[in-house]
Amino acid sequence: YQGTTIGEPLTTTTVTDIIKSKLIDVISGEEYLYSGKGEISGRAWYILDENQNVLSMADADIIFVDELIIIPEGAKYLVVQTNDGSISVFKKSPVIAKIENDITDNKYNLLDSFKPNTPFLWSALSKMKVSNDSFTNIGFIGDSWTQGTENFINGVNQGDFQGYVKPLSKILQEKYGFGGLGWLDFSRDGGIGKMFGCCDMYEHWNYSFNGTITGLDGSSNSAAPNCLGICCAHTIFANEASLTLTFQVGYLDKFKICYYKEAHFKVSVNNGQAVEVTANSTDGWQETEFGVTGTDTTRVVITSMIDNCIIFGLNCYYGTTGVRCHKIGNRSITAANYLLMDANQWQKGIKSLNLSWASVLLAINDINSFSSPLTISDKNLITIVTNISNLIDRAKVACTNNGIVTCDFSVLGVDNIEDSRWVALHRLAEYEKKMAKDNGYGWSSTDKCIGTKKEEFTYTGTFSDEIHLNAIGSLSYAEHLYNSLFVV
């Protein structure tokens, strides 16, 4: 609920006992929002009359987060002080104040979820009920909340970086049937870290790399234009470098390996004769299908036969009907990063997944890409929402058949995290919801399952750090999304 920025964040590069201060003109009766983080030496703020006599002041050495200051009669100036550079002051704008009043009067509810206007998801699910050879493909586009690489064992998260996608995929597949592990992306964090992987909530597969394997990660603006994979990243195999994938029984009976033009590699399944794959030199996204036989664990070995061989990943199938979920996420990514990619290249990859429903969750990194998340302007928030809208438009082109968009889209809001930026997230969510409503997209936010105030979601223990969900938060958000967007 921040409004117009009145005071810019104060900064200091000197020792902590040097106090920086700023004098702000104020008017009696106005409301200001004060945000500070860290201990303040001396008083944090003062209210002065026109002769600069002190009318009131904050207590010393207190951590302030989003404190409302109502300017008393006779006040002329507000002075804020800090020794660590983490203070901002905002004037509450009439528009924001009206929204707050409407929420109080139940006239406007940001928490309301609604489904997309179009029926393509339900058509696909209905088709599965009457056909034994039909799949429904669900896509999740986003950042680290979507990408989360950690797995669960016996319901316990094995790392501190877990997204909502894996438990939501499990819920959908338990309801509608397991159609395979879906998109398994070979990209790795930072190009050399942990593989992005797939939506599998448990450890039904594993992998190992051998030889020289590098990659490109598009979470920076400089790298994004050169990224070729759908997660704004890709992996590069040197000559004779290999990747071994092992799948448990009952999780893979067919896969399509996807790669870039001029790739040359061989694939061996269950120690069988290696099949050589040679890409043509024109198409940026190509795929070759492999079947899997036998009733034992499946072992797939992919070996490069040239340097600079780009292989994106596998689209994994099982059975003849069911739901396949596709994780299209990258840690620290923004909507702007995705848009820097070659549109045609990204769309070919998305098209290969044959999506019937897709969501977009991008917020935290987009806000943080501007100079100060605490003082981000409404103009910049509108830029973020415009980027998200443009990314959905790009995906709609990939999901168009015979002139008809055959995929439902939903926008997912992150309205709170255990971080001072949650106020800006709330403001962004207001714009996102309006954009979703205006375009017939679905909408759901985190508030109902995590809490509407920092003390609420901190108390419930839903976060593993200041930004990312833990196991409880992941499961809670997944169940909320299923109930608000998938249940008829």
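Okay, let's start with helix 8, residues 378–398, which lies across strand 9, strand 25 (357–361) and strand 28 (408–413), and runs at about 155° to strand 28. Angles here go from 0 to 180 degrees between N-to-C directions, with axes as lines fitted to C-alpha atoms, for helices over the stretch in contact, and contact means heavy atoms within 4.5 Å. Helices (H or I, at least four residues) and strands (E, at least two) are DSSP runs, numbered from the N terminus.

Quick caveat: this is a predicted model, where local features need pLDDT of at least 70, side-chain atom pairs count only at pLDDT 80 or more, and totals for chains, interfaces and linings use all residues. Residues are numbered from 1 along each chain as its sequence is written, and side-chain values use heavy atoms, with hydrogens and water left out.

Back to helix 8. From first C-alpha to last, its 21 residues reach 31 Å, close to the 30 Å expected at 1.5 Å a residue; that expected span is 1.5 Å times one less than the number of residues. Its buried residues include Leu381, Ile384, Val385, Ile388, Leu391 and Ile392, and also Asn387 and Arg394. Buried is under 20% relative accessible area, exposed over 50%, partly exposed in between, with a 1.4 Å probe and protein chains only.

What is the order of its strands? This open sheet of 5 strands goes 24-9-25-28-29, with parallel pairing. Strand 24 (322–329) and strand 29 (442–445) are at the edges with a single partner strand each, so one side of each has no neighbour in the sheet. On average, neighbouring strands are turned by 20° against each other, direction ignored. Pairing, by the way, needs at least two DSSP bridges between two strands. Strand 9 (residues 135–142) and strand 24 run parallel, joined by 8 bridges, and Ile138 sits opposite Cys325 of strand 24.

Next up, helix 4, residues 165–176. Among its buried residues are Val165, Leu168, Leu172 and Tyr176, and their cover includes helix 2 (120–130), strand 9, helix 3 (144–147), strand 24 and helix 12 (471–486).

Last stop, strand 22, residues 298–304: 6 of its 7 residues are buried, so the rest of the structure largely encloses it. Strand 17 (residues 242–247) runs antiparallel to strand 22, with 6 bridges, and Ser242 has Thr303 as its bridge partner. Strand 19 (residues 264–269) also pairs antiparallel with strand 22, over 5 bridges, and there Val267 stands opposite Ile302.
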